Amino acid sequence: MTTAQPKDRTAEGFTPSPVEPLAHQLLATLAQHRMASTNQLHVLLRPDRSRQSVSERLNELLGKHLVDFVVLPQSNRTRVWYLTPKGARLTRDWPALRGRPPYPINSATAASLKTPHTLTVLRTHLAFVTDARRRGDEHGHLDWTPEVFHAIGDGERVVADAVMHYTLIDGQQRRKLRAFVEVDRATMSSERLAAKLIEYARLWAYEPQPVGRRRQAGGPGWLRWYPVFPRVLVVLTGASRQTMANRISDLKAMAAHHPLVADLAREVPLGAVILEDLDERGPTSNVWVPLTGDKPRPWTEL
């Protein structure tokens with residue numbers, strides 16, 4: 001697939017509407033993503049404006065006690081913003097966030113503990129947002145939902161680091177794609193990472209039974225949320241190239257040898273990528289390793 005942007009596409013058409021106040025968009029983004037640095041908010045919401053315009057709105061919200069921030073260590077005083085409990089209460093009933101449980105952060109200490117993983121997940125999102133703007137596809141600041149929970153039976157659940165919604169546009173053709181995104185910072189064992197594929201395979205196969213009724217075929221539970229099962233994308237960072245290559249090999253072995261995961265892999269695209277390659281080359285480059293084998297390719301062609 002070519003990644004060149006057609007001449008009749010413009011990036012401005014795929015950035016958040018300037019008609020909606022920036023302050024409103026900042027609050028909605030922090031409610032959706034939990035935390036974000038000033039620079040991330042700038043790239044996500046106003047890439048065509050000065051960073052100062054974003055900082056000014058954030059400081060106004062800070063003065064109203066709707067947001068707060070922590071300073072990243074050894075980062076030239078980079079601020080990471082989050083909603084206060086007051087900000088979370090204000091946004092919880094907004095239409096774009098309906099059904100999204102609020103997670104107000106009550107202290108700078110709590111914010112600091114969440115920062116590394118949350119910012120890495122958002123960094124992954126920004127790679128897709130930047131590529132979508134370049135290509136003229138549709139993927140905005142609310143098309144990425146972190147921390148999505150789904151039941152898989154026996155009182156257990158799978159938690160995706162994010163669920164992504166993305167619309168590919170080719171002339172008059174629109175192709176809607178969805179993905180579960182797992183971001184691995186090499187903080188868990190390779191075996192535990194690979195075992196996440198079992199959880200997604202269980203979700204794919206899980207058919208909930210109505211309470212108090214005789215067992216009957218009701219179809220898989222995921223159809224409640226998705227017309228087709230989302231592809232599973234694993235993004236790796238935080239280790240040497242060799243370590244990450246080994247972790248991808250373990251993911252491929254799980255897809256080949258675990259019966260339920262192998263069944264999933266025959267029906268659902270599964271891929272892995274190194275985050276630094278995603279940043280440098282973009283998600284529609286040949287950077288994704290199919291977990292069923294074969295050569296690297298764009299995520300849209302897994």
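Mentor: One aromatic cluster is formed by F128, W144, Y166, W288 and W299. This is a predicted model, so local features need pLDDT of at least 70 and side-chain atom pairs count only at pLDDT 80 or more, while totals for chains, interfaces and linings use all residues. Residues are numbered from 1 along each chain as its sequence is written, and side-chain values use heavy atoms, leaving out hydrogens and water.

Altogether, the structure holds 9 aromatic pairs (Phe, Tyr and Trp rings, the six-membered one for Trp, with centres within 6.5 Å; planes under 30 degrees apart are stacked, over 60 edge-to-face, the rest tilted). F128 sits in helix 5 (residues 108-135), whereas W288 belongs to the loop between helix 9 (275-281) and strand 9 (289-290), so the pair ties together parts that are 160 residues apart in sequence. Helices (H or I, at least four residues) and strands (E, at least two) are DSSP runs numbered from the N terminus. F128 and W288 are both buried (under 20% relative accessible area; exposed is over 50%, partly exposed in between, with a 1.4 Å probe and protein chains only).

Now look at another pair, W222 and F229. Their ring centres lie 5.5 Å apart with the planes at 80°, so here the arrangement is edge-to-face. W222 counts as buried because its relative accessibility is 10%, and F229 counts as buried because its value is 8%.

Let's step back to see the setting. The chain has 9 helices and 9 strands, and 47% of its 302 residues are buried. Just after helix 1 comes R34, with a positive phi of about 80°.

There is also an open sheet of 3 strands, in the order 1-3-2 with antiparallel pairing (strands pair if DSSP finds at least two bridges between them). Strand 1 (35-37) and strand 2 (67-71) are the edge strands, each pairing on one side only. Strand 2 is joined to strand 3 (residues 79-83) by 5 bridges, and these two run antiparallel. Along them, V67 stands opposite L83 in strand 3.
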